[in-house]
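Have the sequence and the structure open as you read.

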Amino acid sequence: MNTSRRISNVSCQWPSRPIGLIELIGGSYISIKPEVTYKRLISCLLKRNFAVHSWGYIPNFDHQLQANHAWKQFRQCRKILEKRVGLIPKSIRLGHSLGCKLHLLAPDGGRNCDGLVAMSFNNFKADKSIPLLRKMSQKLDFEAEFSPSPAETLNLVREHYEQINNLLIKFRNDNLDQNDLLLESLQKRPTDKSKIMQLEGNHLTPVSVGLREKLLKSNFQSLLKYEKIDLIVDQVTHWKV
């Protein structure tokens, strides 16, 4: 029997005897309620007896501040879970799109987890991530950028991110993925063990609220979508760190 509760901005979903913990940060604007937008992914993890903590947020320009908030709230939720079930292994951090960047910016540098799984890492500049911003900045002659900027983010990865176990997942039809750039930065660190793999799908393959599947005329299309998410879960839960 699974238990669900909200602690701060974190949706906590716990099996009765979790064998591990997944800390999920999803993509920009689809993670206001990650327990809904990543419902299929979370359900599959729960079936394999992993507790799942998913952080809900509305993105802003200060990504470092948001990363700090997520890390602190995940730490609080872990302590509450361990009071309930006893000590559990270190978490696996799971990110999708912008969520990968926020995990990489965690103030502990990744030391307090067993590794990061980064799906469709996205690190574009603000004017590319927010098309309206490009038009406004050109019209009003100003420039706005995320903090840290894309270049600063990759530099922080090289110099301050300490976790050597990272699995980067890119999807074949994803033109927003920047995992190749991330891998290049990760591998410049000594003793790095990061690796990259490609799966079938696109940038939104990990996302599934159920509604789209219900509206699809073909059950075959729905089945393919589920199979791709199941394959992601296979990689996360069987990944040897």
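Start with Arg78, which is buried because its relative accessibility is 18%, and the cut-off for buried is under 20%. The model is predicted, so keep that in mind throughout.

**Salt bridges**

Arg78 has a charged partner. Arg78 forms a salt bridge with Glu82, with the closest N and O atoms 3.1 Å apart. Both residues belong to helix H3 (residues 63–85). They are four residues apart there, so about one helical turn separates them.

Side chains of opposite charge can pair when their charged atoms come close. How many salt bridges does the model hold? The count comes to twelve salt bridges.

Arg93 sits in strand S5 (residues 91–96), and Glu23 sits in strand S3 (residues 20–25). The pair therefore ties together parts that are 70 residues apart in sequence. Are Arg93 and Glu23 buried or exposed? Both are buried.

Arg189 and Asp192 are also both buried. Elsewhere, Arg6, Lys33 and Glu35 are linked in a network of salt bridges.

Asp177 is buried yet has no salt bridge. Which side chain of opposite charge is nearest to Asp177? It is Lys170, at 4.5 Å. A salt bridge needs the nitrogen and the oxygen within 4 Å.

Asp177 does have a polar contact: its side chain reaches the backbone nitrogen of Asn179 at 2.9 Å. The loop that holds Asp177 runs between strand S7 (166–171) and helix H8 (179–186). Leaving aside neighbours within four places in sequence, Asp177 is in contact with Ser120, Phe121, Ile169 and Lys170.

**Cysteines**

A disulfide is a covalent bond between the sulfur atoms of two cysteines. How many disulfides are counted here? The count comes to zero.

Cys12 shows why. The closest cysteine sulfur to that of Cys12 belongs to Cys77, and 3.7 Å is too far for a bond. The cut-off for a disulfide is 2.5 Å. Cys12 is buried, with a relative accessible area of 0%. Cys113 also counts as buried, at 3% relative accessibility.

**Backbone geometry**

Most residues other than glycine have a negative phi, and most peptide bonds are trans.

Ser8 lies in the loop between strand S1 (3–7) and strand S2 (10–14). With a relative accessible area of 42%, Ser8 is partly exposed.

Ser97 lies in the loop between S5 and helix H4 (98–104). Is Ser97 buried or exposed? Ser97 is buried, with a relative accessible area of 8%.

Pro148 lies in the loop between helix H6 (131–140) and helix H7 (150–160).

Technical notes
Residues numbered from 1 in each chain as written. Predicted model: local features only at pLDDT ≥ 70, side-chain atom pairs only at ≥ 80, totals over all residues. Heavy atoms only, no water. Buried < 20%, exposed > 50% of the residue type's maximum accessible area, 1.4 Å probe, protein only. Helix = DSSP H or I, 4+ residues; strand = E, 2+ residues; numbered from the N terminus. Lys, Arg positive; Asp, Glu negative; His and termini not counted. Polar contact = N/O pair within 3.5 Å; in protein donor to acceptor, adjacent residues only side chain to side chain. Contact = heavy atoms within 4.5 Å.
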